[in-house]
Amino acid sequence: MPKNLSTQLGQYLPPPVLALIKIAGKEADELGQELYLVGGMVRDLFLNRANFDFDLVVEGDAIKLAQKFAKDSQAKLTVHARFGTAKLNYPGFSLDLATARSETYNKPGALPTVKPGNLKDDLIRRDFSINAMALHLNPKRFGELIDLYHGKDDLDNRLIRILHPNSFIDDATRILRAIRYEQRLGFKLEAETEKLLRRDVTMLDTISGDRIRHELELILQEDEPERAIRRAEELGVLRKLQQSLKVNGWLSKAFVKARQVNTRVPLPSIYLCLLIYNLTEKENEEFIARLNFPKSLAQAMRQTLQLKAQLHNLANPKLKPSDIYQSLHSYTTIAMQANALASESPIASQHLHLYLAKLRYIKPLLKGDDLTRMGIPIGPKIGEILDALHKARLNGEVKTRRDEERLAKSWGQNQTD
Ligand code: CTP
């Protein structure tokens, strides 16, 4: 007797969403199609973890079903005809529909050749047994579990298991995905899976920089990414991304500290700059090139190391606020945050925090126009006076607009004298 999860599904999904899924199943039935909920949501339903990514697989034609269902349920529909997929957007969540497909890998690391198939084909092409379960959604079999690869047993035994021995060779991004799920869920790699993963680590060389970067980004979006990074090192995976990347107690502590500090910068970018903190500039460049980091992130990574090299200048307790401003104003916020977390000098960290929290927002009240109105002739002197006012304000030497005007006037007069 197949296991039926309609009760659990009813408790897991908000009632309007459950109702929608039921209607989708009914409409699939009317079209003579079979509809399934697959992948991460089935896994997370068993684990009682929140998940709002509905992946639906259709035995038949996903686009036809999506078009009919969009009309009846007033969803915004996006169709990718080439991939046989469609997305239905509702306020607050979306449904992804895909036509069941089979995949064959002609070459390790290359994207697979895709053909329409049935649910079984669609499940075997997946990464791990816990991600390869499906729930039937057609009315007569609503909630029935299809678990061809014993994903439920692996969930119970807390194991990450690939579906066939060539899995990591076909798609080595699964190496990074395996580590991510293992550490997120507190599971273990099943013994044979771990053996094959270690054997196939070199297959990461077959994967494009963009795809590896995407997986690294997903790791850095986890709640405690240091766990996966540490595990990646232990499995010999981290050094496949860059030979010199290493984890030590320092890095883990810095990640924890990063979460405690209330930064406005997205945490994953800070984690990334901490990850590369002990690379040389050359190694950093190799890493940037290999993973094809976009310009803005690459700039933050470069500046992190440039600032690190200048940090000794900031470790002087006698620095005035204007000196700190001068040293830091050309760096990106991410580079400063990373250095504030990583610096061994408490004084340098303090100065970085002072800049980030306060100094960067301080500006003189007077503008160039105000100075010309005061009779200071247009020319380079205006810029010099504005700079000097800025400095005076940073150092607390002027407090009011009146103070600034007095100072500007005296400097302006010195010029005309
Ligand atoms: N999948 C796969 N191999 C990949 C990517 C995805 O087999 N390289 C399958 C898995 O079945 C996965 C599903 O596609 O469950 C959806 O992919 P994704 O959204 O990346 O995974 P989720 O399981 O939803 O993971 P997460 O909880 O991290 O979002």
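Between domain 2 and domain 3 there's one salt bridge to look at. Keep in mind that this is a predicted model.

**Salt bridge and polar contacts**
- The salt bridge pairs arginine 259 with glutamate 226, and their closest N and O atoms sit 2.6 Å apart.
- Nine residue pairs are in polar contact between domain 2 and domain 3, counting pairs with both residues at pLDDT 80 or more.

**Who does the touching in domain 2**
- Three helices, α10 (209-220), α11 (225-234) and α12 (238-241), each put at least two residues into the side of domain 2 that touches domain 3.
- The top contributor to that side is α10, with six residues.
- Sorted by class, the side of domain 2 that touches domain 3 comes out as nine nonpolar, three polar and eight charged residues.

**Contact and buried area**
- On the contact count, 20 residues of domain 2 meet 17 residues of domain 3.
- Putting a size on the interface often comes down to the accessible area lost when the parts come together.
- For domain 2 and domain 3, the buried area is about 1,500 Å², and carbon and sulfur atoms give 63% of it.
- In domain 2, Arg213, Leu220 and Glu226 lose the most area to domain 3, together making up 34% of what that side buries.
- Glu226 also turns up in the salt bridge with Arg259.

Definitions and conventions: Residues numbered from 1 in each chain as written. Predicted model: local features only at pLDDT ≥ 70, side-chain atom pairs only at ≥ 80, totals over all residues. Heavy atoms only, no water. Contact = heavy atoms within 4.5 Å. Buried area = accessible area lost by both parts, 1.4 Å probe. Salt bridge = Lys/Arg side-chain N within 4 Å of Asp/Glu carboxyl O. Polar contact = N/O pair within 3.5 Å; in protein donor to acceptor, adjacent residues only side chain to side chain. Helix = DSSP H or I, 4+ residues; strand = E, 2+ residues; numbered from the N terminus. Nonpolar A, V, L, I, M, F, W, Y, C, P; charged D, E, K, R; others polar.
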